[in-house]
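Good morning, colleagues. I would ask you to keep the sequence and the model in view while I speak.

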Amino acid sequence: MHNPINSAIKMFVLFIVLLLTGCISLETKGSEAQDFSLKLYGPPGVYEDEEFTLSSSFGQPIILNFWFPSCPPCAREIPEINQFHEEYKDSVTVVGIQLIGIDTIESGRDFMKSKNVSYRVGPDNDGSITVDYSISGFPTTIFIDKRGHIHEKWEGEIKKSDMVEISKQIFEK
């Protein structure tokens with residue numbers, strides 16, 4: 001039987017080993033964003049069961065938000081991110097990426113549904129996206145420019161006003 005907690009612990013240990021050996025770096029600004037595909041679970045009836053591939057969204061800015069439901073700062077920032085998405089959805093793609101292990105896909109889906117989230121959300125089932133983006137704390141928000149390069153990595157809770165300011169910098173590029 002697959003134990004999601006053991007998988008999360010293994011991914012964390014792998015991340016620490018790679019970090020300490022210098023195989024990955026926490027500095028990602030300016031580097032090319034790692035491509036990935038994600039099966040979305042929400043919002044229901046809009047993006048549910050769709051496949052999101054990062055590279056297919058190049059051409060406009062993309063915001064990746066790494067989170068999980070039982071993370072208090074993650075829960076607090078979700079309404080701010082949703083407000084940003086509602087205002088900028090025609091010019092910026094927002095994707096929530098849920099870490100699986102502490103919480104289940106079902107708890108993430110239920111949480112996002114209870115918050116009436118309107119942006120794309122899906123699970124990082126094996127933790128590979130989290131590792132590829134050197135996520136060491138939650139929440140973390142990655143801002144990617146229209147050419148697919150990382151512009152900013154925001155660690156910790158983010159406000160809509162911060163998202164607007166960083167997005168303006170990307171639009172000016």
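Which residues does a disulfide join? Before I answer, please note that this is a predicted model. The disulfide joins C71 to C74, with a distance of 2.3 Å from S to S. The structure holds one disulfide. The torsion about the S-S bond of C71 and C74 is about 75°, and the disulfide is therefore right-handed. Both of these cysteines, C71 and C74, are buried.

I turn next to the strands. Strand β4, residues 93-99, runs parallel to β5, and five bridges join the two. Within this pairing, I97 stands opposite G122 in β5. Together with helix α3, residues 105-114, the strands β4 and β5 make a right-handed β-α-β unit. Is β5 enclosed or open? Five of the five residues of this strand, residues 120-124, are buried, so β5 is largely enclosed by the rest of the structure.

Let us move to the aromatic residues. The structure holds six aromatic pairs. In one of them, the rings of W67 and F111 have their centres 5.8 Å apart and their planes at 35°, so the pair is tilted. Because W67 lies in strand β3 and F111 in helix α3, this pair ties together parts that are 44 residues apart in sequence. W67 counts as buried, at 0% relative accessibility, and F111 also counts as buried, at 15%.

A further pair is formed by F84 and Y88, whose ring centres are 4.7 Å apart and whose planes are at 20°, so the pair is stacked. F84 and Y88 are four residues apart in helix α2 and are thus separated by about one helical turn. Both F84 and Y88 are buried.

Finally, I come to helix α5, residues 160-172. This helix has 13 residues and reaches 18 Å from its first C-alpha to its last, close to the 18 Å expected at 1.5 Å a residue. Which residues of α5 are buried? They include M163, V164, I166, S167 and I170. The elements that cover the buried residues of α5 include β3 (62-67), α2 (72-88), β6 (140-144) and β7 (150-155).

In the loop between β7 and α5 we find K159. K159 is partly exposed, with a relative accessible area of 38%. K159 and Q83 are 76 residues apart in sequence, while their C-alpha atoms are 9.8 Å apart in space.

Thank you for your attention.

Terms used:
Residues are numbered from 1 along each chain as its sequence is written. This is a predicted model: local features need pLDDT of at least 70, side-chain atom pairs count only at pLDDT 80 or more; totals for chains, interfaces and linings use all residues. Side-chain values use heavy atoms; hydrogens and water are left out. A disulfide is a pair of cysteine sulfur atoms within 2.5 Å. Buried means under 20% relative accessible area, exposed over 50%, partly exposed in between (1.4 Å probe, protein chains only). The expected span of a helix is 1.5 Å times one less than its number of residues. Contact means heavy atoms within 4.5 Å. Two strands pair if DSSP finds at least two bridges between them. A crossover is right-handed if, with the strands pointing away from the viewer, the path from the first strand over the helix to the second runs clockwise. Rings of Phe, Tyr and Trp (its six-membered ring) pair if their centres lie within 6.5 Å; planes under 30 degrees apart count as stacked, over 60 as edge-to-face and the rest as tilted.
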